[in-house]
Amino acid sequence: MRAGPLVVVGDALLDVDLTGTVERVAPDAPVPVVSDVREHRRAGGAGLAATLAARMSGREVVLVAPLGADESGEALAGLLEAEVGLVRLPLDGRTVRKTRIRAAGQSLVRVDQGDGRMAAGAPLGDGVAAALRDAAAVLVADYGRGTTAHEDVRRTLAGLPKDVPVVWDPHPRGAPPVRPVRLATPNRSEARAFAGTPEQTRDPLGQAARDAAALVARWGVAGVAVTLGERGALLSVGDDVPYVATAPQVTGPVDPCGAGDCFSAATALALADGALPSEAVTDAVRRAAEFVASGTVPQARPDPAVAADDPWELVERVRARGGTVVATGGCFDLLHPGHVSLLRQARALGDLLVVCLNSDASVRALKGPDRPVMPEQDRARVLGALDCVDAVLIFAERTPERLLERLRPDLWVKGADYASAELPEARIVRRHGGQVVLLPYLEGRSTSRLVERVRAHAGHARDEGAA
């Protein structure tokens, strides 16, 4: 693990969302009328990758990007400087601004303005070298606006120490990666276009593997991670056996805009922390899926040591930075697929998942003297080992009402097999401004049924032995 900032180099854009409601069609044309419009501005392109990285980690992040002196450029600079260090490069033309008009979670139209590109012959100045001097890792976020084609930028990146991992997120209109690069992260269609290998439509995963291997050789990079949307990502180091990181299932309407930036930023952060490429890709797939599922920026994964030693400190840290605290509760006596499905869905709704776990005495009061099967500390350890669970809190009463008075979660999640009337803790959650949410559950999965089956098998085995 290297100390120092993550430095993002690339083309920054201004993204504007105009979000409203559609209740009628215009009388003069067959188009939806968007009313009650609210405007939201955010950094896009390399700017989005930098802000995502800053929110996902406690590491300093510095963005090196060309920005114009126009209104969009100054608005973009203000957004960036609130979250990351900014080294401005000269821009020819107007700052690119992309405006999406949205309703009901869907984009209706996008309007692009601005023709700005990195000034080709402009000197970089001392700020770039100073930013890169102590970098723990570098992410190149190419959006085809000339930054990666600038000779001085390429020369500076090629001269980085070999132990500084570089992640290169390429663009069809951009320049190829310099050497050495630890990982390049094209999406599936970009990899197809870059590689130009014969297409095999019946084998999309094999096609991605062939494209990635071809790009490893062509670009001279250590590895290529091809993002595959809902299928996750495929990592190749040039051999015949790629590594695939599958993505958790995301249900409902989603907006994948920004998922690639989230993936590349998470990959660079993981490599800066000393992760292997396969570990970095796996973590990046998870973070990108969380981003797509929730529509919000995934916050930093909690420090496991803090989670184990002081869950309350972890909750306060997440709450202090404006994150969403999600909680659920139960006995979790024998962990089964229904539990795992619920916990993964719950974690995707926020930035922290706390499991309120019934103590042994609480389980006996609810389930009878023969339960629990596993003692509370073992159940807590099993839950804590899941990557979707950030903290476990044990309570001794029949319900977690007293615990929730202190925890005050933003979301209290239970399976849809519960009716709202069966949740006495719901009134406490709502009183503190929280929301109660029911999630789909897998039918036919039950700890009680598992225990009955085990006992039935054990009884059958004893009868056969006696015979």
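The model is predicted; local features require pLDDT of at least 70 and side-chain atom pairs count only at pLDDT 80 or more, whereas totals for chains, interfaces and linings use all residues. Residues are numbered from 1 along each chain as its sequence is written, and side-chain values use heavy atoms, with hydrogens and water left out.

The protein chain contains 16 helices and 20 strands. Helices (H or I, at least four residues) and strands (E, at least two) are DSSP runs, numbered from the N terminus. The chain has 467 residues, of which 49% count as buried. Buried means under 20% relative accessible area, exposed means over 50%, and partly exposed lies in between (1.4 Å probe, protein chains only). A contact requires heavy atoms within 4.5 Å. Of the contacts with a separation of 6 or more, 66% join residues 24 or more positions apart.

The largest nonpolar core has 48 residues. Such a core is a set of buried Ala, Val, Leu, Ile, Met, Phe, Trp, Tyr and Cys residues joined through side-chain atoms within 4.5 Å. L6, V8, L63 and V281 touch the most other members. Helix α7 (residues 259-272) gives the most to this core, with nine residues. Another core lies apart from it and holds 37 residues, including V9, A131, V153 and L160. V8 touches A46, A50, V61, V62, L63, V64, L139 and A141, with residues up to four places away in sequence not counted. In soluble globular proteins, nonpolar side chains tend to be buried together.

The structure holds zero disulfides, a disulfide being a pair of cysteine sulfur atoms within 2.5 Å. C356 counts as buried because its relative accessibility is 0%. C388 is also buried, with a relative accessible area of 5%.

Helix α6 covers residues 204-219, 16 residues in total. From its first C-alpha to its last it reaches 22 Å, close to the 22 Å expected at 1.5 Å a residue. The expected span is 1.5 Å times one less than the number of residues in the helix. The buried residues of α6 are G206, Q207, A208, A209, D211, A212, A213, L215, V216 and W219. These buried residues pack against β12 (183-184), α5 (188-195), β13 (224-227) and β14 (233-236). Just after α6, G220 takes a positive phi of about 70°.

Strand β2 contains D15. This aspartate is buried, because its relative accessible area is 10%. D15 and G44 are 29 residues apart in sequence, yet their C-alpha atoms are 5.3 Å apart in space. Neighbours within four places in sequence aside, D15 is in contact with H40, R41, R42, A43, G44 and K98.

Pockets and cavities were computed on a 1 Å grid over the protein atoms alone. A cavity is a set of points where a 1.4 Å probe fits but cannot get out; a pocket is an open set with protein on both sides within 12 Å along at least five of seven lines. Lining residues have an atom within 4 Å of a point. Grid points are joined across faces, edges and corners, and a volume is the space filled by probe spheres set on the points. The largest pocket holds about 1,100 Å³ of space. Its lining comprises 47 residues, of which P256, C257, G258, A259 and G260 lie nearest its centre. At least two lining residues come from each of β2 (12-25), β3 (32-45), β7 (97-103), β8 (106-113), α7 and α8 (277-294). Two cavities of 30 Å³ or more are counted. The largest cavity has a volume of about 60 Å³. D11, A12, L13, P66, L91, T95, V96, G116, R117 and R145 line this cavity.

The peptide bond from R179 to P180 is cis, with omega near 0°. P180 sits in the loop between β11 (166-169) and β12. A cis peptide bond also joins R371 and P372, with omega about 5°. P372 lies in the loop between α12 (360-367) and α13 (376-384). D36, a residue other than glycine, has a positive phi near 55°. D36 belongs to strand β3 and counts as exposed, at 60% relative accessibility. R408 is not a glycine either, and its phi is positive at about 50°. R408 lies in the loop between α14 (401-407) and β19 (411-415). At 34% relative accessibility, R408 counts as partly exposed.
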